[in-house]
Amino acid sequence: MQDLADILFGANAMRVENFQGAMRPAMEAALLSGGEKSPPSIGEELLAPPLNFAMVDYGLFRSGFPETANFTFLQSLGLRSIIYLCPEPYPEANLKFLDASGIQLFQFGIDGGKEPFVNIPENKIREALKVVLDGKNRPLLIHCKRGKHRTGCLVGCLRKLQRWCLSSIFDEYQRFAADKTRVSDQTFIELFDISNL
């Protein structure tokens, strides 16, 4: 019998059997229902990803600030660590979730200034990249408030380390920042020196 993923997406599509854990039933249900929403069964919880959620690399994710409605989804990822890029204290409900889930928090407080000449602290991006590059911290989620600028700068600098071309790095940055794209962020990424990482 022909696989449903082959029918819907072609032979090279990622198959449902490649999804593990709590996400697999949700993916199977979405494929079988043709994407139509159906109410959850008894004992089944809805998985709601945070704003601007996406996979960056194997075991590495990005998003906006997780709300309590996102906790079940985050649990399904099996996170070991979270990088938080805002200077504000982490909310108590989120800290309790991290503690109960055994997730380590790394905070690198970067101001989210909107002025064109706000400097992004290169030392904090470097320290955050060290956490990202340490495989012991994965699966790992990077987030700021909206998952656009601070997260975009950190991911953009990671992409430089991965030898992505600048046009692809900026394209990814712009997909998340949309009409809020900042030239200062893109300049920071372009000038970021990866030689001593």
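How many salt bridges does a search of the whole structure find? The search finds 5. The model is predicted. Three of these pairs are described below, after a look at the chain.

## Overall layout

The chain holds 8 helices and 5 strands. Along the sequence they run in the pattern α-α-β-β-α-β-α-β-α-β-α-α-α. Of the 197 residues, 40% are buried.

Take the contacts between residues at least 6 apart in sequence. Of these, 62% join residues at least 24 apart.

Side chains of opposite charge can pair when their charged atoms come close. Helix 5 covers residues 122-133. Arginine 126 and glutamate 122 form a salt bridge, with N and O 2.8 Å apart. Why are these two residues about one helical turn apart? They sit 4 residues apart in helix 5, so about one helical turn separates them.

Arginine 126 has 13% relative accessibility and counts as buried. The cut-off for buried is under 20%. Glutamate 122, at 35%, counts as partly exposed.

Lysine 130 is partly exposed, with a relative accessible area of 48%. Glutamate 127 is also partly exposed, at 39% relative accessibility.

Glutamate 172 and arginine 159 meet through their side chains in a salt bridge, at 2.9 Å from N to O. Glutamate 172 belongs to helix 7 (residues 166-177) and arginine 159 to helix 6 (residues 149-161), so the pair ties together parts 13 residues apart in sequence.

## Packing of helices 6 and 8

Helix 6 also packs against helix 8 (residues 183-191). Their axes lie 9 Å apart, at an angle of about 25 degrees. Helix 6 is therefore roughly parallel to helix 8, because angles under 35 degrees fall in that class. The crossing of helix 6 and helix 8 is right-handed.

Which residues make the contact? Helix 6 contributes His149, Gly152, Cys153, Gly156, Cys157 and Lys160. Helix 8 contributes Asp185, Phe188, Ile189, Glu190 and Leu191. The residues of this contact divide into 5 nonpolar, 3 polar and 3 charged.

Glutamine 75 lies in helix 3 (residues 71-76). Its relative accessible area is 49%, and glutamine 75 is partly exposed. The exposed class needs over 50%.

What does glutamine 75 touch, leaving aside its neighbours within four places in sequence? Glutamine 75 is in contact with Phe97 and Ser101. Leucine 47 is 28 residues away from glutamine 75 along the chain. The C-alpha atoms of glutamine 75 and leucine 47 are separated by 9.6 Å.

Terms used:
Residues numbered from 1 in each chain as written. Predicted model: local features only at pLDDT ≥ 70, side-chain atom pairs only at ≥ 80, totals over all residues. Heavy atoms only, no water. Salt bridge = Lys/Arg side-chain N within 4 Å of Asp/Glu carboxyl O. Buried < 20%, exposed > 50% of the residue type's maximum accessible area, 1.4 Å probe, protein only. Axes fitted to C-alpha atoms, helices over the stretch in contact; angles between N-to-C directions. Parallel < 35°, antiparallel > 145°, perpendicular 65-115°, else oblique. Left-handed = near helix turned anticlockwise from the far one by under 90°. Contact = heavy atoms within 4.5 Å. Nonpolar A, V, L, I, M, F, W, Y, C, P; charged D, E, K, R; others polar.
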